[in-house]
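Please look through the structure shown here and work through some questions about the words used to describe it. Each answer sets a value beside the rule behind the word.

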Amino acid sequence: MDICYENVKSSYKEGSEVELYYGMIVDDTEYSFYLDGKGLMYGYKPKKGFVLHFTMPSHDVKLCCYSVKTTAGNKPEEKKA
């Protein structure tokens with residue numbers, strides 16, 4: 001699943017610290033976040049979800065979340081002889 005947020009600049013001024021929460025978390029799923037195509041580190045707060053921090057640049061940003069299901073049911077099973 002890919003989720004992207006664009007035009008965050010309309011809510012934040014250049015140089016301001018941005019803190020966003022991503023709460024759509026599912027077990028057995030790996031998440032990665034990208035800001036303008038570069039990997040973005042994140043933390044976690046109980047009851048809020050993943051916490052993303054960055055300094056607002058002078059341009060609109062594109063913030064994306066990519067998720068991949070990691071459950072055994074989605075991986076090919078090993079063949080047994």
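Q: How many helices and strands are there in the protein?
A: In this predicted model, the protein has 0 helices and 7 strands, so that the order of elements from the N terminus reads β-β-β-β-β-β-β.

Q: Why is the pair of Phe33 and Phe50 called edge-to-face?
A: The search of the whole structure finds 8 aromatic pairs. For Phe33 and Phe50, the ring centres are 5.7 Å apart and the planes stand at 70°; because centres within 6.5 Å make a pair and planes over 60 degrees apart count as edge-to-face, the pair of Phe33 and Phe50 is edge-to-face.

Q: What parts does the pair of Phe33 and Phe50 tie together?
A: Phe33 belongs to strand β3 (residues 29–35) and Phe50 to strand β6 (residues 49–55), so the pair links parts that are 17 residues apart in sequence.

Q: Why is the pair of Tyr44 and Phe50 called edge-to-face?
A: With ring centres 6.1 Å apart and planes at 75°, the pair of Tyr44 and Phe50 is edge-to-face, because the angle has to be over 60 degrees.

Q: Which of Phe33, Phe50 and Tyr44 are buried or exposed?
A: Buried means under 20% relative accessible area and exposed means over 50%. Phe33, at 2%, is therefore buried, and Phe50, at 12%, is buried as well, whereas Tyr44, at 53%, is exposed.

Q: What makes Lys48 lie over the face of Tyr21?
A: Lys48 is at 4.7 Å from the ring centre of Tyr21, and the rule asks for a distance within 6 Å together with a position within 35 degrees of the ring normal.

Definitions and conventions. Residues numbered from 1 in each chain as written. Predicted model: local features only at pLDDT ≥ 70, side-chain atom pairs only at ≥ 80, totals over all residues. Heavy atoms only, no water. Helix = DSSP H or I, 4+ residues; strand = E, 2+ residues; numbered from the N terminus. Phe/Tyr/Trp six-rings, centres within 6.5 Å; stacked < 30°, edge-to-face > 60°. Buried < 20%, exposed > 50% of the residue type's maximum accessible area, 1.4 Å probe, protein only.
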